[in-house]
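Subject: Structure handover

Hello,

Here is the structure we talked about. My notes on what was found in it follow below.

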There are 2 protein chains.
Amino acid sequence: MWTRAERKQRPTLSREQIVRAAVAVADSEGLDAVSIRRIATELGARAMSLYTYIERKEDLFDLMIDEVAAETVPEGPLPAQWREATIAIARLEREAALRHPWLIGAIARRSQTSTLGPNMLRHLELSLAALDPLPATPTEKWQIIRAVSDYTSGAVLRESRERAGTAGGHDVAHLRAMTDSGAYPRLTALLGVDRRDSFEQGLRWLLNGISPEDAS
Amino acid sequence: MWTRAERKQRPTLSREQIVRAAVAVADSEGLDAVSIRRIATELGARAMSLYTYIERKEDLFDLMIDEVAAETVPEGPLPAQWREATIAIARLEREAALRHPWLIGAIARRSQTSTLGPNMLRHLELSLAALDPLPATPTEKWQIIRAVSDYTSGAVLRESRERAGTAGGHDVAHLRAMTDSGAYPRLTALLGVDRRDSFEQGLRWLLNGISPEDAS
DNA sequence: CGCCAATCGGTACGCTGTAAACTCCCGCAG
DNA sequence: CTGCGGGAGTTTACAGCGTACCGATTGGCG
């Protein structure tokens, strides 16, 4: 679908416009607010007009994902050290996912590996480029990229849910009740503990494990 | 909501029954197939009857998540080595999530940190117990648990999507076209490469980074 | 000019979550 | 025993969803 030509006439809509509107709605009201009718309204069109540009709603999600993937493509030259370069890319992924908290949900929602869009391909290409200085086989490099991006997406999934939650008093009360039961002593001991975010710490651990010699 | 007493009359339905039916439907037909009407039909009831046991559909997702979380609670005694114990728990998480591919999606779908159910609390308690032998502050232990489970959920999110996909020929053709363009040389070089799964490898890297002294 | 294909609109169908009001019927107070 | 409170389950209804199908419009090209 990435290769399908756009209209040749002169439309009042465009795929780019639709995707941007969808991303804006998702950013401000969540993924569930992204409905065909809603996006059409947003653009002053009728629902069915969108189907000139996408085949089904899932396509729209794919396009939204790739739209945001653009933010994960590093702009300038990569740091010369593979480690710094990889960290920089992981940070871009994290920041994009926190800016668009619906992102991981959209990825998880897609029934199968969504077709990779051009921005996602550029992102992957540059993730590989970051490892150029590393003496490793392609298979090993691929494993490293997967490990780092797996960690990043998991961390970001948790982080963005934590931010959305901010634990209303009700949940806290419930948690207290549970821990007061004494069934979870270690958890109880953790209730007041510092929960400063630890994305960077975990990333450091992972990279140290990959390459112990230049651990930080 | 976990504490709310169940009915005292004599119902033909039960919360447990509803949740099990929902998990079964999600397992075999995906999360989208879990609708109130569908589950009710599955149980020979009418849609609105379910609302005696849950307040809204999101509650059902929470209950399903905790139902599956039971499978991530280790049964016997934990390995004495914190490292082995942590690996064992991570494997349970992975296997449960692969058995129920909708799981990560359900977690991502929940608008905020869902209320922790009893099974999730037991899982967390035992994750902490696994680190008992480790000389570390509670904050550090919490960070370790988060790093490991972040990595695990990210890896499993990717893995289950890969399994669902198995890349139909169409996608492969598209990918070929993209890489033939020459814009992604490193990716192109990777096309035929071995993609053996690497969950264990990444987990080893992470644990080695956490504790270099007993690296494997 | 005539044609074609792209674009957009309208209508309709079967689905969704759930609010509101209803019918039962059990267990208990008098 | 009667009466009744209240919980279980049902019915109906509504607004919204994705999208199949068809018709109207229109601009570019032969």
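The area buried between chain B and chain A is about 5900 Å², and carbon and sulfur atoms give 61% of that. Buried area here is the accessible area (1.4 Å probe) that two parts lose on being put together, summed over both. R161(B), R186(B) and W205(B) supply 13% of the area that chain B buries against chain A, more than any other three residues.

Before the rest, some ground rules. This is a predicted model, in which local features need pLDDT of at least 70 and side-chain atom pairs count only at pLDDT 80 or more, while totals for chains, interfaces and linings use all residues. Residues are numbered from 1 along each chain as its sequence is written, chains are lettered from A and ligands numbered from 1 in the order in which they are written, and side-chain values use heavy atoms, with hydrogens and water left out.

The interface

Chain B and chain A each bring 63 residues to the contact (heavy atoms within 4.5 Å). Seven salt bridges cross the interface; a salt bridge is a side-chain nitrogen of Lys or Arg within 4 Å of a carboxyl oxygen of Asp or Glu. One salt bridge joins E125(A) to R186(B), at 3.1 Å from N to O. The elements of chain B that give two or more residues to the side touching chain A are helix 5 (103–109), helix 6 (118–130), helix 7 (138–165), helix 8 (169–180), helix 9 (185–189) and helix 10 (199–210). Helices are DSSP runs (H or I, at least four residues), numbered from the N terminus. Helix 7 of chain B gives the most, with 18 residues. By type, the residues on the side of chain B that touches chain A are 29 nonpolar, 18 polar and 16 charged.

Salt bridges within chain A

Over all chains, the structure holds 31 salt bridges. In helix 7 (residues 138–165) of chain A, E162(A) and R158(A) lie four residues apart, about one turn of the helix, and their side chains meet in a salt bridge at 3.2 Å, N to O. E162(A) is partly exposed at 35% relative accessibility, whereas R158(A) is buried at 14%. The cut-offs are under 20% relative accessible area for buried, over 50% for exposed, and partly exposed in between (1.4 Å probe, protein chains only).

E159(A) and R163(A) are also four residues apart in helix 7 of chain A, and the closest N and O atoms of their salt bridge are 3.7 Å apart. E159(A) is buried, with a relative accessible area of 2%, while R163(A) is exposed, at 52%. Salt bridges that share partners join R158(A), E162(A), R146(B) and D150(B) into one network.

In helix 2 (residues 36–42) of chain A, E42(A) and R38(A) are four residues apart, and their side chains form a salt bridge at 2.8 Å, N to O.

Helix 1 of chain A

The buried residues of helix 1 of chain A, including I18(A), V19(A), A22(A) and V25(A), pack against helix 2 and helix 3 (57–69) of chain A. Just after helix 1 of chain A, G30(A) takes a positive phi of about 95 degrees.

Regards

How values were computed: Nonpolar A, V, L, I, M, F, W, Y, C, P; charged D, E, K, R; others polar.
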